Amino acid sequence: MGLDGPAEGNPFVEVKLTAVFRLGTREVVVDGFYDGGGKYKVRFMPDAVGTWSYRTSCNVKALEGLEGSFAATAALAGSHGPVRVANVHHFAYADGTAFYPFGTTCYAWVHQSEALQEQTLRTLKAAPFNKLRMCVFPKSYEYNHNEPPFYPFPRDAAGKSDFSRFNPEFFAHIEKRIGDLRELGIEADLILFHPYDRWGYATMTAEEDDRYLRYVLARMSAYRNIWWSMANEFDLMKAKTAGDFDRMFQTVEKQDPYGHLRSIHYSLVMYDNGHPWVTHGSMQSAKFEAAPTYLADWKKPVMFDEVLYEGNLNRRWGNLSGDEMARRFWLGVMAGCYVTHGETMLDPDAAMDENATPTLWWSHGGVLRGTSPGQIGFLRKLVEETGTGHVRPGLEAQEKAYYMNARVYSRDGKDAERVLYYFDDHQPIWYEFPLPKGTFTAEAIDPLAMTVSPVPGTFSGKAKIRLAGRPFRGMMFRAVG
């Protein structure tokens, strides 16, 4: 709802506006915010059908005690609500539909030209990704030297920011792009802080950090496709301590009425993901062999959000082959975790030009030039086919399965609907697959060629099957009946 109120003074600091929304005996308290020009807003995301009433509270008379009601109707087709943790190590939408994150990274895409942002959205529409890591603040780093079209805080002629006020135009622009992602079915994994900064945002005081967080939460929490990432590479932000991030995590947990997902990303020193305010791990690592320990210790989902990037940069972190990027998705899925893609592909004709200003998907968006998105989309299709369960790594120890394997169970967790094997760099000519109880059909999978070939017959018990004798192959078993 939009409300008129005072514009004089500093409304961002001086006006305290909240609203209580009620449905029966339920009450949800929501912060309002100043949107500039004497306009105030309160946003609310109802989670139940019915007639909700509301009443405002404010230290300004014009905004105190305003009342009303509205009818919340059933969700539209295809709208499943926010994503939550489900079955300990996995995710699902609020309506129970399983969500398998296959993410990508475009850190500063909202800080590029309008034409480039629109191109990014067109690319995403055709891409296989359903989660996007992106920053609130602009980025200053290698290949990232442009000034953003908007700044989050007012600036004077010398470029000094007034951190006691906000620029509503900046935040409205990000909200528009979050809405665009929502229309594409993409979750916005919104990075609230990062160290790659030349504007002073990484060195704000604790008071300024907390005011910024409350403003972002008031404006954006009602978007159903929001995830909160407290920081990218938080340990490189030398002006802040782990205790500062503890405090800010708890601010987000307390001020977000909807309990959106919360994580934090690191460079070298990992944050304690065991804290109760962290909903899932966000890893900068390709050490998938550590996944069982993370899953057991944290009892939370684990996202391998940065496993290096497909690209051709001179930097170690930016020159994976497309096949290797896709392989890392397979390893993550087979470990019962989730992986995020990134691309740093230079145009070969401009790669050696020191005066060139290349557009890299990893930061700017634009177009995807690599080969891994197609292979990742192929894997996503395999994982999502039933949509009734979640991947669990490994078969029982007594079955003595020596290669990477995973099961997709029925929703009640009792019966394996599918069993997926991945041989990685091994190349057996045959293998005796120890299957769970039941009868299964089999399909040979070539992840590189993105093909699925039926194997004649049905299988149960220990199924001996001839294989291709080449590496990076898989096998899918599907329960019959």
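I take helices (H or I, at least four residues) and strands (E, at least two) as DSSP runs, numbered from the N terminus. The model is predicted, so to speak of local features I need pLDDT of at least 70, and side-chain atom pairs count only at pLDDT 80 or more, while totals for chains, interfaces and linings use all residues. Residues are numbered from 1 along each chain as its sequence is written.

**Entry: two loops**

I looked up Leu308 and found it in the loop between strand 16 (302-306) and strand 17 (310-311). Leu308 is not a glycine, yet its phi is positive, about 75°. Asp424 is not a glycine either, and has a positive phi of about 50°. I located Asp424 in the loop between strand 22 (416-422) and strand 23 (430-434). Asp424 counts as buried, because its relative accessibility is 11% (buried means under 20% relative accessible area, exposed over 50%, partly exposed in between, with a 1.4 Å probe and protein chains only).

**Entry: the whole chain**

I counted 9 helices and 27 strands in the protein chain. Buried residues come to 56% of its 481 residues. The C-alpha atoms fill a box of roughly 80 × 65 × 40 Å along the principal axes. I then turned to contacts (heavy atoms within 4.5 Å): of those with a separation of 6 or more, 68% join residues 24 or more positions apart.

**Entry: accessible surface**

I noted an accessible surface of about 20600 Å² for the protein chain, with 52% of it belonging to carbon and sulfur atoms. Accessible areas come from the Shrake-Rupley method with a 1.4 Å probe, and for residues only the protein chains shown count as cover.

Technical notes:
Side-chain values use heavy atoms; hydrogens and water are left out.
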